Amino acid sequence: MPETVLVTGGAGFVGSHVVVELARNGYAPVILDNFSNSTPAIRTRLEALAGRPIPCVTADVRDTVALRNAFHDHPIAAVVHCAGLKNVAESEARPLAYYDVNVCGSLSLVEVMGEAGVATLVFSSTASVYGDTGSGRAREDGTRTPASVYGRTKRIVEDFARDLHAANANWRLAIVRKFNVAGAHSSAMMGEAPRARSTHLLPQLCRVAAGEASEIVIRGHDWPTPDGTALRDYVHVQDVAEGFVRALRHVAAQPGLIAVNIGSGTAHSVLDVVAAFERACGRSIARTMAPRGPGDIGASCADIAHTEQLLGWRPTRGLDAICADAWRWQKNGARY
Ligand SMILES: NC(=O)c1ccc[n+]([C@@H]2O[C@H](COP(=O)([O-])OP(=O)(O)OC[C@H]3O[C@@H](n4cnc5c(N)ncnc54)[C@H](O)[C@@H]3O)[C@@H](O)[C@H]2O)c1
């Protein structure tokens, strides 16, 4: 019998790729999602790519009754927790919504896992817990000084995961700090398809190349970086999904708590990415400069030595593959 893994937020950008990767590795994923930033229509694609039925529970992670029912209805052995809100600027404007979904949602999930006797959890955290990494690379044991409400909500969840593990060493917890997840599935059947217009760089570039928007808006051009635009560590969504499965395998094999960075270890400026995307799509991209956004930072880059040593993971797809796959997804409609 394949092991059942609950993927919260499994219809979202990262979660959907995790679902397919879990199935490819012999697991039986079950999705729990409230579809606030995704659509149930993704299921057909997921089942085609996974080659197996993917049960889908429509529920909010804050709803403990619905969670209890999900654990009752499915033989869940482990959880990958991807459900959450992730927009930095929005988190500054709507802090309580972010504390509610990201913190209270994680608490309710862990509470129900405890009741159900399920002790294996991979938590989708973020590079935002580190804040600005300047010219260096963030290490997992380094300081965490998030610059946004979003980053602070994720740091709180990381901290209560540590406290939970200190109180009960039977928990098997993986904190996965993802850097800038980008690209799309190489099949062009899955990619980023948020309900509202994404402010992420790659979706913006795709829309302009497809003629759906006239220009991209570059927020911040006065950072202390080589070209003045922000530096980010872009990592392909399929590499990210592979990292999640490795983290799950690791904690499932031995009780404990691990924290790992999932990034590329290389920082690219916004203008670097624009140039790479122009090469991928064969068009030039109009751009306009705007002031920095609230909660924004100049640089974010991962040190991935610990992840490589602990999980044997490193990304295999670079910036060109990220751009090529994002563009193929756009040309395929970028919708479910
Ligand atoms: N995309 C990135 O670059 C990135 C980087 C670092 C960390 N992360 C984290 O990874 C996770 C997934 O990110 P994503 O890019 O896939 O985002 P996404 O918005 O595409 O996916 C999140 C999913 O969670 C669902 N969801 C939201 N609130 C929910 C709730 N209360 N109950 C149930 N489902 C809910 C949404 O409908 C969506 O399907 C987030 O927690 C985010 O903070 C993302």
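Two residues are in contact if their C-beta atoms, placed from the backbone, lie within 7 Å. By that criterion, and leaving aside neighbours within four places in sequence, A174 is in contact with V122, F123, A247, L248, H250, V251, I258 and V260. The structure described here is a predicted model. Its protein chain contains 11 helices and 13 strands.

**Overall form**

- The radius of gyration of the protein chain is 19 Å, close to the 20 Å that the globule rule gives for 336 residues, so the chain is as compact as a globular protein of that length.
- Taken along the principal axes, the box filled by the C-alpha atoms of the protein chain is roughly 55 × 40 × 40 Å.
- Of the 336 residues in the protein chain, 51% are buried.

**Nonpolar cores**

- The largest nonpolar core has 100 residues, and the members that touch the most other members are V19, A174 and F244.
- Helix α8, which covers residues 237-253, gives the most to this core, with 8 residues.
- A second, separate core consists of 5 residues, among them V88, Y98, V101 and V149.

**Surroundings of the ligand**

- The ligand is surrounded by 28 residues, of which G9, G12, V14, S38 and G84 are the closest.
- At least two residues of this shell are supplied by each of α1 (13-24), α5 (95-116), β5 (120-126) and β7 (180-182).
- Helix α1 provides the largest share of the shell, 3 residues.
- By residue class, the shell divides into 10 nonpolar, 13 polar and 5 charged residues.

**Helix α11**

- Helix α11 comprises 13 residues, 319-331, and at 1.5 Å a residue it should span 18 Å; its end C-alpha atoms are 18 Å apart, which agrees.
- The buried residues of α11 are L319, I322, C323, D325, A326, W327, R328, W329 and Q330.
- After α11 comes G333, which has a positive phi, near 110 degrees.

Note on methods: Residues numbered from 1 in each chain as written. Predicted model: local features only at pLDDT ≥ 70, side-chain atom pairs only at ≥ 80, totals over all residues. Helix = DSSP H or I, 4+ residues; strand = E, 2+ residues; numbered from the N terminus. Rg over C-alpha atoms; globule rule 2.2 N^0.38 Å. Buried ≥ 20, exposed ≤ 12 C-beta atoms within 10 Å, placed from the backbone. Near = placed C-beta within 6 Å. Nonpolar A, V, L, I, M, F, W, Y, C, P; charged D, E, K, R; others polar. Expected span 1.5 Å × (residues − 1). Core = buried A, V, L, I, M, F, W, Y, C linked by C-beta atoms within 7 Å.
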